[in-house]
Every structure is written in C-alpha cells, then in structure tokens.
Amino acid sequence: MEFTLLAAAMLGVAAAVGWLAVMHHGDAELRASTRDLIVIGALAGIVTGRIWAMIAGGTNPITHPVDVFMVRGGVDPFAASLAAVAAAGWSGRHEGWTLIDAAAPGAVMGLAGWHAGCLVRNACLGSTTELPWGWATTPGTAARHPVELYAAALLVLVALAVTALWRRGTGGGLATTVAVASAAGVRAVTEPLRPVLGEGRTLGYAIAAVTAAGFAGVLWWRKPTADS
C-alpha cells in the first residue's frame, strides 16, 4: 500500500475518533460504541469501494484477490459511501437512531480529515484559478484551486453544525440525514473543481444530497407531532 495514502486514511480515522472522544467525553460506553460503528463503516466502505473500482476497471476480484488490498489502485468513493452508510446502519440497528446519530458528527469529521490528508499525499489541487490563494505545483506553472482543502474546511463546519444539532437532542435520525445531505452537498459543489474527465460525479452527489435533505425535512416536520 502507498504509505502516503495510508497516512491520509489514518488522519481521517484519527479525526473521527478524536471528535467522538470530545463529543462523548463523559460517556465511555457511548464513546466506544460510536467508535466501533465508525470503524465498521470505514472498513466496509474501503473494501466495497475497492472491489467496485476493480470491476469497473476490468479486473475480476475473484481471480485476482490480492489486488483487493492494492488500495492505491483506486477506491470508488460513491460505492464506498453507500457501503459505509449501509454497514453502519446495519451494525447499529439494535440501538436504533440513537447510536447512529451520536456517531454521525464523527463520521463527517473523519471525512474532513481524509480530505485534509491531501497534504501528505500531495494531491490537494484541482482546476486552474487566478484567485490569490491558488497553488502552483512548480514555479511558472498555472495556479490551481486547493479543492481538497475547500472540502475539508466545509466538512469541519458541517461536523460542528451536526454536533450542535445532536446536542439539542432532536434524535430520530435527523442528525444522520443532515450529515449525509451536507457531506454529499460538499462533494457536489467541489466536484467541478476536481481534475476529472467529463462531469465527474457531480450529478450523483447532488441527487444524494437532495434525497437525504428530503428525508431530513420530513423528520424535522414530524418532530413536533411526535413530541406533542
């Protein structure tokens, strides 16, 4: 495995676990449960995203099982995200939304850490820009948007907002759906700045953001009725 990629992944895990420790510093059991949920989701996402990328690239994971561990060969982020959410939801099904909502801010902070890991991977830059904070890879070359740092900063703000929402005790999945909608929205708005062929995954992330936001709206609308 490429060590810089491993370092970025470890930074993401550290950000998630660290934020959960801050959130649940007075409840060791909840801290451990949410941490386990994050780890399960991350592992499921990496494996699924890697297998999906292999199949899309024409490699059979059954006949080439060792290639599954060659993560630097590519991990499909969309498949990884779906698998992570599904695995975390299944793992926390017995506790219901209470546990999943308590883990949601940590998951978003972990994504922020992963994007900030572009600094160790030397992979922060996207499309060209004339803005003063653009970065040039070498002197004399065009400056580029530090798009991964944009995403990291926005995700930190999302994690803080979702944490505040969770602390209000809304429950019922609202914190989770808001987290999913916001994280997908961040990817949708930053995707056009990434150096990809065609439109990339902008449409897919936008659909995910709108769908999750719709669910969040329904949960928010139903909350007063549930309390009455």
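Reply: In this predicted model, the link between Cys-118 and Cys-124 is right-handed, with 90° about the S-S bond. The sulfur atoms of Cys-118 and Cys-124 lie 1.9 Å apart, and the two residues form a disulfide, which is the one disulfide that a search of the whole structure finds.

Turning to the helices, helix 6, which covers residues 147–167, packs with helix 7, which covers residues 174–190, at an angle of about 165°, and their axes are 10 Å apart. Because angles over 145 degrees count as roughly antiparallel, helix 6 is roughly antiparallel to helix 7. The crossing in which helix 6 passes helix 7 is right-handed. On the side of helix 6, the contact is made by Val-147, Tyr-150, Ala-151, Leu-154, Leu-155, Val-158, Val-162, Leu-165 and Trp-166, while helix 7 contributes Leu-174, Ala-175, Val-178, Ala-179, Ser-182, Ala-183, Val-186, Val-189 and Thr-190. Sorted by class, the contact of helix 6 with helix 7 has 16 nonpolar residues and two polar ones, with no charged residues.

Terms used. Residues are numbered from 1 along each chain as its sequence is written. This is a predicted model: local features need pLDDT of at least 70, side-chain atom pairs count only at pLDDT 80 or more; totals for chains, interfaces and linings use all residues. Side-chain values use heavy atoms; hydrogens and water are left out. A disulfide is a pair of cysteine sulfur atoms within 2.5 Å. Axes are lines fitted to C-alpha atoms, for helices over the stretch in contact, and angles run from 0 to 180 degrees between N-to-C directions. Helices (H or I, at least four residues) and strands (E, at least two) are DSSP runs, numbered from the N terminus. Angles under 35 degrees count as roughly parallel, over 145 as roughly antiparallel, 65 to 115 as roughly perpendicular and the rest as oblique. A crossing is left-handed if the near helix is turned anticlockwise from the far one by less than a right angle, and right-handed if clockwise. Contact means heavy atoms within 4.5 Å. Ala, Val, Leu, Ile, Met, Phe, Trp, Tyr, Cys and Pro count as nonpolar, Asp, Glu, Lys and Arg as charged, and the others, Gly among them, as polar.
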